[in-house]
Amino acid sequence: MRTLALAASLVATAAAGPALAAQSVSTFQHGVNGYAGNADTYLKAAEPDTAFGAEPEVSIDASDGGLPSQTLLRFDGLFGAGPGQIGPDRVIVSATLRLFITSAGSGLRVHEMLQPWNEATATWASMGDGLQADGSEVAATPLFELGANDGSANIAEEPLVLDMTLALQRLQLGLAPGHGWALLPFMPDGTNGLDFATREWAELGDRPLLTVVTAPVPEPATVASMLAGLALLGALARRRG
């Protein structure tokens with residue numbers, strides 16, 4: 001038991017290394033500190049040929065004018081060696097996305113977007129009769145969902161903070177294509193439209209805000225210690241079994 005506890009402690013200590021090291025916080029908000037990489041728009045089935053990329057608000061709704069509306073959101077230029085970017089010598093500890101909700105609504109399902117898009121030209125019709133979460137245009141499985149498939153105001157009209165840690169880690173590791181996220185309504189009963197302020201919103205502080213906490217990449221010795229601890233745990237587990 002003593003050896004098992006020691007191995008578990010070794011793994012925990014090594015895994016916590018990045019979090020315990022000197023952390024830094026990077027923020028990305030359109031028009032603040034020179035950042036201009038946010039893009040957002042929504043697609044409206046009731047107006048299939050209209051592009052809404054210049055609107056100050058977007059909507060996520062199963063029944064917007066009797067038909068669905070879907071939102072696209074992206075942050076470009078997050079990674080690199082330039083000012084304000086997340087460098088290759090950093091690992092992501094956590095990430096949050098704050099949205100300023102302007103109209104309470106049913107909820108949303110956040111999927112990785114698999115195809116490129118342009119907010120100035122994207123429409124319901126141009127995106128193939130809206131977005132399909134089928135694994136070709138939009139990832140079939142959502143990263144997460146919030147709210148419920150009903151007409152209640154499940155998400156209040158106030159700042160909403162979403163945990164985007166997994167999404168940003170996947171992006172940094174090259175496991176996501178970098179086309180942002182599709183924010184889809186619950187179907188068919190998420191009929192209370194959820195609206196939030198876009199990058200065009202007049203008040204800078206209410207625009208979408210991505211906050212990323214990073215730490216230095218762990219030293220090889222730390223990684224080796226963690227792997228050794230995992231191996232020891234596995235060996236002890238097999239012996240105990």
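This is a predicted model: local features need pLDDT of at least 70, side-chain atom pairs count only at pLDDT 80 or more; totals for chains, interfaces and linings use all residues.
**Entry 1: the cores.** I looked up the largest nonpolar core, which has 29 residues. Phe75, Leu168, Trp181 and Leu183 touch the most other members. A second core of 13 residues is separate, and Ala39, Ala45, Ala122 and Ala182 are among its members. I noted a general point beside this: in soluble globular proteins, nonpolar side chains tend to be buried together.

**Entry 2: Trp181.** I listed what Trp181 touches, leaving out residues up to four places away in sequence. The list includes Thr71, Leu72, Leu73 and Phe75, and also Val110, His111, Glu112 and Met113. Leu143, Met164, Ala167 and Leu168 are on it too.

**Entry 3: Leu143.** I found Leu143 in the loop between strand E6 (107-112) and strand E7 (144-147). With residues up to four places away left out, Leu143 touches Trp181, Val110, His111, Glu112, Leu166, Ala167 and Arg170. I also checked Leu143 against Met164, 21 residues apart along the chain; their C-alpha atoms are separated by 8.7 Å.

**Entry 4: Ser69.** I placed Ser69 in strand E4, residues 67-75. Is Ser69 buried or exposed? Ser69 counts as buried because its relative accessibility is 0%, and the cut-off for buried is under 20%. The side chain of Ser69 reaches the backbone oxygen of Ser59 at 3.3 Å. Setting aside neighbours within four places in sequence, I found Ser69 in contact with Ser59, Ile60, Asp61 and Asp64, as well as Tyr42, Leu43, Lys44 and Pro185.

Conventions
Residues are numbered from 1 along each chain as its sequence is written. Side-chain values use heavy atoms; hydrogens and water are left out. A nonpolar core is a set of buried Ala, Val, Leu, Ile, Met, Phe, Trp, Tyr and Cys residues joined through side-chain atoms within 4.5 Å. Buried means under 20% relative accessible area, exposed over 50%, partly exposed in between (1.4 Å probe, protein chains only). Contact means heavy atoms within 4.5 Å. Helices (H or I, at least four residues) and strands (E, at least two) are DSSP runs, numbered from the N terminus. A polar contact is a pair of N or O atoms within 3.5 Å; within protein, one must be able to donate a hydrogen and the other to accept it, and residues adjacent in sequence count only if both atoms are side-chain atoms.
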